[in-house]
Amino acid sequence: MMRPVVSVPAGSWRRPFDAWLDGIEDGWAIPALLSVFVALWMAILQLAYLSGDLHPDVIEAWTLGQSPAWGGIKHPPLMGWIARAWTTVFPVADWSFHLLAMTNAAIGLWAIDLIVRRFVRGDTRGLIVLLLLLLPVYQFQAQRFNANAMLLALWPLTIYCFLRSFEMRQFRWALAAGIAGALAMLGKYYSVFLILGFVIGAVCHPQRRAYFASMAPWISAIAGVALLAPHAHWHAISGISPFDYALAAHGGQAMWASVKSAGGFWLGVAATLALPLLVWAALARSKREAYMADLRKLDPGLLLLLSIAVATIIVPPLVTIMLKSSITSTWAAQGLFLFVVVAVCAAKFSVDRIDIDRLAAVILLATCVALVCAPIHAFYRNTHPFKEGRNYYKLASHELMRQWRKVSTTPLAAASGDKLAMALSFYSPDHPLFVVPYDAKYEWQVPAQEVLRKGWATICLPDEATCLVWSKMVAGLAAGAVLMDFDVQPRLWGRPGVSTRISAVMVPPQR
């Protein structure tokens, strides 16, 4: 559907924004915006975390990629595969994972634009991207590349493939939808709700007969099952259930606690969507009656997207209540763009270009303010440490390696433990293999003798109680174990931060 461009004489401040809007259909404007988005937020993250290392979720993703497999005790394997592939090109460093995180968010926004251009053109495409930048999802949640953030790119790509498959019922799009859906499941099992959303959306759609009478759904199903088969086989031979960790971490709730968790989920979704939808309501305020009429004549493709969107926020909390578990609205963030897309694409009228220019200017200004304030955040965190202990990851790892060089001339081969030990694997120049310390039942175990014999270490933060008890147990059983405590204190711009005491155990390699 083509939208006319509303021509308004532009002031000098508007010329770059108008030039950007003019370039949308030429194909350069959206990639340019996303490139600027990645560059600015890379700079913000680098400055904001001068006094803090990577989040443990990001380091965990990297450790999963050290030994690529078709499964894992806690998470499905895709984020580890991606982290490993990324570090074959980029170094193992904070900045490269900041770049990965923001590139992942940009790919998600680009995939959303692929969906949007099925319904609108020109200025409206730009408006939707700008409205999505008002969501905290693509900056703050995206900054940590983990199982949740990875879905910011996977879900839009999967939805786009399914939309094309539903509309065209061609082999290639049905195959793509099945593969994309399986990849989303290999990213996070929560994606099962997206697959259920596809089924619910297709069943409720007026064109359901044509879709289910075609080969498209069956091709998608076969492709998805085929790609997931090695993952299922891995779990079968390992004896690890793919849902054990989720139920152990979030299950066992009282019924009322589950109901409150579900209610909090819906409130969180509403709060997340509030700003972009309120801004859209303000932009469309003068054409309210026309807009309500447009909503009653919703495009079939938009109706499908709306059905999927509703299913993905209704079904998960209901399942949570049934299983007496907990849920957080963060898990739904990757699909909330659908509500913005449907809300804007439903309108048959155009928004005045000057209003889009103003919105773009406000977003750019807010991003520049965040850039200016980023060092303030770093300065604050230097004296108010992160709860995850991120102020100490690199310092503790380097000190442990300095001590290791005193007892062994060979590289450190393996590390186990909690968050700080994972950081040792990342920040040590030896990049020792991180060996998960617990078994399929999440009970901490003594590392295998083969692991200890090659050279092994662990380090624990003062609040990692399980790690501290376990490390002393290992030290009592491992031949030649060396126990030590040492203090580390971060500094930023010459100003000392808060010091902490680190506990470590080293087992030098046995000849």
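**Close-up views of a predicted protein model**

View 1. T63 lies in helix α3, which spans residues 56-64; helices (H or I, at least four residues) and strands (E, at least two) are DSSP runs, numbered from the N terminus. This is a predicted model, in which local features need pLDDT of at least 70 and side-chain atom pairs count only at pLDDT 80 or more, while totals for chains, interfaces and linings use all residues. Residues are numbered from 1 along each chain as its sequence is written, and side-chain values use heavy atoms, with hydrogens and water left out. Is T63 buried or exposed? With 9% relative accessibility, T63 counts as buried; buried means under 20% relative accessible area, exposed over 50%, and partly exposed in between (1.4 Å probe, protein chains only). Not counting residues up to four places away in sequence, T63 touches M422, S425 and F434, where contact means heavy atoms within 4.5 Å.

**View 2. Helix α3 crossing helix α4.** The axes of α3 and α4 come within 7 Å and cross at roughly 80 degrees. Axes are lines fitted to C-alpha atoms, for helices over the stretch in contact, and angles run from 0 to 180 degrees between N-to-C directions. The two helices α3 and α4 are therefore roughly perpendicular to each other; angles under 35 degrees count as roughly parallel, over 145 as roughly antiparallel, 65 to 115 as roughly perpendicular and the rest as oblique. Look for A61, W62 and L64 on the α3 side of the contact, and M79, G80 and A83 on the α4 side. By class, this contact of α3 with α4 has five nonpolar residues, one polar and no charged. Here Ala, Val, Leu, Ile, Met, Phe, Trp, Tyr, Cys and Pro count as nonpolar, Asp, Glu, Lys and Arg as charged, and the others, Gly among them, as polar. Within α4 (residues 78-86), L78, M79, G80, A83 and W86 are buried. What covers these buried residues of α4 includes α3, α5 (94-116), α7 (147-168) and α8 (171-187).

**View 3. Helices α18 and α19 packed together.** Helix α18 (residues 393-407) packs against helix α19 (residues 419-427) at an angle of about 70 degrees, with their axes 9 Å apart. This pair, α18 and α19, is therefore roughly perpendicular. From α18, the contact is made by Y393, K394, A396, S397, H398, L400 and M401, and from α19 by K419, L420, A423, L424 and Y427. Sorted by class, the contact of α18 with α19 has eight nonpolar, two polar and two charged residues.

**View 4. The five-stranded sheet.** An open sheet of five strands runs in the order β2-β1-β3-β7-β4, with mixed pairing. Two strands pair if DSSP finds at least two bridges between them. At the edges stand β2 (433-434) and β4, each with a single partner strand, so one side of each is left without a neighbour in the sheet. Helix α21 (residues 465-477) packs on the sheet and touches β3, β4 and β7; its direction makes about 150 degrees with that of β3.

**View 5. Strand β7 between its partners.** Why is strand β7 (residues 500-507) largely enclosed by the rest of the structure? Seven of its eight residues are buried, so the structure around β7 largely encloses it. Strand β3 (residues 456-460) pairs with β7 in the antiparallel sense over five bridges, and W456 stands opposite V507 in β7. Strand β4 (residues 482-488) also pairs with β7 in the antiparallel sense, over seven bridges; there, D485 stands opposite S503.

**View 6. L433 in strand β2.** Strand β1 (residues 414-415) and β2 pair in the parallel sense over two bridges, and the bridge partner of A414 is L433. L433 is partly exposed, with a relative accessible area of 33%. Not counting residues up to four places away in sequence, L433 touches Q66, S67, A413, A414, A415 and S425.

**View 7. Two loop residues with positive phi.** Most residues other than glycine have a negative phi. H431, in the loop between α19 and β2, has a positive phi near 45 degrees and is partly exposed at 30% relative accessible area. W493, in the loop between β5 (491-492) and β6 (495-496), has a positive phi near 55 degrees and is exposed at 55%.
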